[in-house]
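Here's a protein chain to get to know. Take a look at the model first, and then we'll walk through it.

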Amino acid sequence: ANGQVDRAAADYLINVLVQSGSSFSGDLLSRGNFRVAYTKNSTPFWQTLGSILPIKKNDSFQAYDLSAGKLISKAQIVGDNFCVIADADVKEADTSVRRMP
């Protein structure tokens, strides 16, 4: 309700998906932005800051480019007026694995 996540239900569904052994293609990650809607086990600092300053609706996303080995994360704190942007190098640990981690 009110945009709040039922953490217990979300954690349960994440565990079911991981344990299912479903196939997964890392190439699918390189197809645009992925909205950050939930993080398991902790609340990111940027999300805590955004909830303290509820002036604007904030959004956050991650964009992967696995062929270039890059990840960009963006989190709005006060809309686009103040945001956190981080980039990182990423690579698949084992390209032969095609199941959920």
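What follows is a short tour, from the overall layout to a few residues.

Keep in mind that this is a predicted model, where local features need pLDDT of at least 70, side-chain atom pairs count only at pLDDT 80 or more, and totals for chains, interfaces and linings use all residues. Residues are numbered from 1 along each chain as its sequence is written, and side-chain values use heavy atoms, with hydrogens and water left out.

The chain has two helices and four strands, in the order α-β-α-β-β-β from the N terminus on. Helices (H or I, at least four residues) and strands (E, at least two) are DSSP runs numbered from the N terminus.

Of the 101 residues, 17% are buried. Buried means under 20% relative accessible area, exposed means over 50%, and partly exposed is in between (1.4 Å probe, protein chains only).

There's one salt bridge here, meaning a side-chain nitrogen of Lys or Arg within 4 Å of a carboxyl oxygen of Asp or Glu. The side chains of D89 and K70 form it, at 2.7 Å from N to O. This pair ties together distant parts of the chain, 19 residues apart: D89 sits in strand β4 (residues 82-89) and K70 in strand β3 (residues 70-78).

How do some individual residues score on accessibility?

| Residue | Relative accessible area | Class |
|---|---|---|
| Y12 | 56% | exposed |
| D89 | 62% | exposed |
| K70 | 39% | partly exposed |

As for Y12, its place is in helix α1 (residues 7-19).
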